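Subject: Structure handover

Hello,

My findings follow below it.

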Amino acid sequence: MSIWVGPIVSVKQHPRSAKTYTPKPQARKEPKPSPVLDEKSTKSEKPDQNKLETKAEKEEKVRSLNKKRVDFVIVYRKSTLTDDSITKIETFLLNLEQKGFELEISGFSVNTDIDFVKIHAPTRVLLQFAELFGIELAYHYKDYRVGATKPFNFMATILTSPNVMHPVYERARPILSEDIPRTITNAEKGLVIYRVLSKNPYGESDQDCGIKKLISTNIFESAFPIHDGQWQWTEEGPLNERQLLDKYWSSLRCFYKQQPLDLIHKYYGPETSFYFAWLGYYNTMLIPASALGVFCFILGLLIFEDIFTARSKEVCESPIMLCPQCHFKNCKFEPLKNSCFHAHLIYLMDNPLVITFAGLMSIWSTFFLELWRRKEAMLQIRWNLRSVEADCSMRPQFEAKTTHYKISKITGNLEPYMPKKVQCARYTLSASAILFLMLLMILGMFGIMVYIKTVAVVLTSSDKHILTINPTLVASASGSFLSLCFILIFEMLYGKIATWLTDLENPRTQVDYDNSFTYKSYALAFVNNYAVIFYIAFVKARFYTHPGDERLWTTAGGIGSDLCNPAGCIIELGIHLVTILIGKQIVLTGKQYIIPKIKNLLRRMRKHKNRNLKVTLQWESDYLLNPYKKYHIMQEYMQMIIQYGFVTFFVAAFPPAPLLALFNNLIELRIDAIKMTRAFRRPVAFKVPNLAAWNGILKGVTYIGVATNAFVIAFTSEFVQRNIYKTTVSSDLVGFVNTTISVFNVSEFLLDFGTAGNLTVCYYPGRRYPPDHPSKYELTEEHWYILTIRFLAVVVFEHIVMLITGIIAYIIPDIPFSVKEHINYQRDQFKAIKLKALQETYLKEQEKKKLHIFDLT
């Protein structure tokens, strides 16, 4: 069986003896409006696959559509085709041709097993289908258009501030001189063609339709729109949009330049442009946060050095011996002065200015959220997306997998549906799987904490002096690196798991599927990335009672005996935060930059069978690029919003965190741009009105950030305790350390450690009654008083931030008043024009009636 190929594909039936798909070039014929199946045809001859194509044959392939642009390409392998798949391809292409599309099949110049179905869509056909699918085209936009913000001169490029005197302007005048396109754009062409391909039938059944099914069953290998040309810069001749984007956007040298969002939107579509708009805006908002964080960090060192030096001196010169933090023989009694270095570090992270900065970051996050909503609304107006709605049509996968049908109350037609019992069972199974995976991640975190505890104990018990100086810091640093490895390993798994669970649920519409997948992926990523940090901040050392309580060592694996350094948990929290934040960003950024290049090289080596020929045709070059995965942008959002959580949740543990995030993101944005322009095929420009599910996730992360900052200030840091002590006891904090520890009688240990010597008492963290008190080792009244003040501080902090958030939301509307006035004025003008036209039509009809009556009389 074979398919005859001319200027427009004509499908012919051949004897079933040949099982390979071998198109045979034929003499050029005039296009037929409605080709039909020809039952009488002979078997085509197979071309010599070892014979190199001549230059004339190559030029013929380029001219195969009469020099018309190739808008879309479908790829298949001849060696994988069967009789059934060939029949489906013939039917699919015939139906596509009958819709008015011009098709042409050509082989791959360097691999004869691969064929391309090149699709050219006439403008008339595209406009008809755009109207049919309700796709609003950019050049039809007549409403008020919000102009782009003009950048500073040093941030401007020829794309953001066109200059007719610039030497590039003449070479790209059609691109740079158009604010609104004059015709349908190439990105919109790809979208319309993809929507047609998604509905195009290939069999007799109603379910036998769509390019996705043909790709999933390996009949077609891939389908994608074509880039406008090569990305490499040329010194002469006209420039295409891809070259301009690569030169002035996706270059690391342009890291400080304003992004050409309008051109990104025109070339890649709203889904991609919204991501880069959000990332660019996030970077802009990180600038004041970074400056404020560094300012508070440095100023805190200078102002509060004397006060905290006195506190550190109290630790460094203390004769107090701490009780053993392990439960086996030869555990050592550790001197409090071993925490001297830790005590010097504490005032870097736990001073009043840093705590103030943490509170300001909570307000910053609400500012960021509200201002982004405003910018998003302005982009919707600018890109004509306000009327775009989510795709609520039925998923073909839902229709294929569902076995139950009922009459729809809305349409009155027989439609597939999923019974409530089946739906509840699927969602219950999915939720149980998610909870089980979260439990596994928490168990992994538990294992890391056990590791840190074990390493600290081993180092403390060591005879080598250099290891016993700061065992907690060494254990925390190694544990944070192990935690980073654990996070990176799990990240490779939960995307596939979320896909499998979402397929199990089988949502009815595509928007439900996408939202479900996004929420599952983020829930798993949330636990994976933040479990260790939350444990150190809010759980560690909270269940410790006193050294004589044997339950500390026998319950829950002895996790209750896990203690922070006597100087506090904030340093350990900062170590983990910095290690995960920096290490993860370095690994992922390097991965995003290097992996696509390696994949491209491997694809070229695998597909490029003939090394003597060079790929020059655009669709062949695009085919050798990395396929654009469905949830590629979602993974980019995931990475950035996880980072946003690190910046907002625990900034009190490391104030320069926003600065580190800013440095990473400036590089990340350009690397993402390089991937889009050089390493990946062009994506289909799907119309989306906003960030979709990510807006809700951003809102949730912002609110969680307010709560976590409140609890970090009140419980993890010593801010509340110090202020209570300064108010009630001493303003210079002399003696403060002694109020944070309690005494224990060494003779009450159930185990003879053999290292006590002449010690009669040792000390442990907490506020408990001494051994000679009637309520020995019970919590003191001072503990409950401080605990009450801490919770009160949390409530006051959250209410203040929420009040400020409400004021900000009221002051900053989503759409500026001036823009609303312009939009309302233009709508009133359109209404007046329509009303005038109706009145004129009515008067003409009345005049005709009068003339008709006069003629009758």
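Helix 5 (residues 186-199) has 14 residues, and its first and last C-alpha atoms are 20 Å apart, close to the 20 Å expected at 1.5 Å a residue. That expected span is 1.5 Å times one less than the number of residues. Helices here are DSSP runs of H or I with at least four residues, strands are E runs with at least two, and both are numbered from the N terminus.

This is a predicted model: local features need pLDDT of at least 70, side-chain atom pairs count only at pLDDT 80 or more, and totals for chains, interfaces and linings use all residues. Residues are numbered from 1 along each chain as its sequence is written, and side-chain values use heavy atoms, with hydrogens and water left out.

Helix 5 is largely enclosed by the rest of the structure, because 11 of its 14 residues are buried. Buried means under 20% relative accessible area, exposed means over 50%, and partly exposed is in between (1.4 Å probe, protein chains only). The buried residues of helix 5 include Glu188, Lys189 and Tyr194.

Helix 21 (residues 657-679) has 23 residues, which should span 33 Å at 1.5 Å a residue. Its end C-alpha atoms are 31 Å apart, which agrees. Of those 23 residues, 17 are buried, so helix 21 is also largely enclosed by the rest of the structure.

**The whole protein**

The protein has 857 residues, and 51% of them are buried. It holds 25 helices and 12 strands. Take contacts (heavy atoms within 4.5 Å). Among those between residues at least 6 apart in sequence, 77% join residues at least 24 apart. The protein exposes about 41,700 Å², and carbon and sulfur atoms supply 61% of that area. Accessible areas come from the Shrake-Rupley method with a 1.4 Å probe, and for residues only the protein chains shown count as cover.

**Strands 3, 4 and 5**

Strand 5 (residues 111-120) has two antiparallel partners, strand 3 and strand 4. Two strands pair if DSSP finds at least two bridges between them. Strand 3 (residues 72-77) is joined to strand 5 by 6 bridges. There, Val75 stands opposite Phe116. Strand 4 (residues 102-108) is joined to strand 5 by 7 bridges. Here Gly107 has Asp115 as its bridge partner. Strands 4 and 5 form a hairpin, with 2 residues between them. Strand 5 is largely enclosed by the rest of the structure, because 9 of its 10 residues are buried.

**Salt bridges**

A salt bridge is a side-chain nitrogen of Lys or Arg within 4 Å of a carboxyl oxygen of Asp or Glu. The count comes to 22.

- Glu221 and Arg77 form a salt bridge, with the closest N and O atoms 3.2 Å apart. Glu221 lies in the loop between helix 6 (211-216) and strand 6 (222-225) and Arg77 in strand 3, so the pair ties together parts that are 144 residues apart in sequence. Glu221 is partly exposed at 28% relative accessibility, and Arg77 is partly exposed at 22%.
- Lys118 and Glu104 form a salt bridge, with the closest N and O atoms 3.3 Å apart. Lys118 is in strand 5 and Glu104 in strand 4, 14 residues apart. Both Lys118 and Glu104 are buried.
- Glu370 and Arg373 meet in a salt bridge at 3.5 Å, N to O. Both lie in helix 12 (residues 352-382), 3 residues apart, about one turn of the helix. Glu370 is buried at 7% relative accessibility, whereas Arg373 is partly exposed at 35%.
- Arg69, Asp71, Asp228 and Arg682 are linked in a network of salt bridges.

**Tyr644**

Tyr644 is in helix 20 (residues 632-649). At 0% relative accessibility, it counts as buried. Leaving out residues up to four places away in sequence, Tyr644 touches Tyr282, Trp364, Ser365, Phe368, Leu698, Val701 and Thr702. Val701 is 57 residues from Tyr644 in sequence, and their C-alpha atoms are 8.2 Å apart.

**A nonpolar surface patch**

Tyr593, Ile594, Ile595, Ile598 and Leu602 make a nonpolar surface patch of about 420 Å². Patches are made of residues with over 30% relative accessible area and no salt bridge; like charges are joined within 9 Å, and nonpolar side chains (Val, Leu, Ile, Met, Phe, Trp, Tyr) within 5 Å. Leu602 lies in helix 18 (residues 570-607) and is partly exposed, at 46% relative accessibility.

Best wishes
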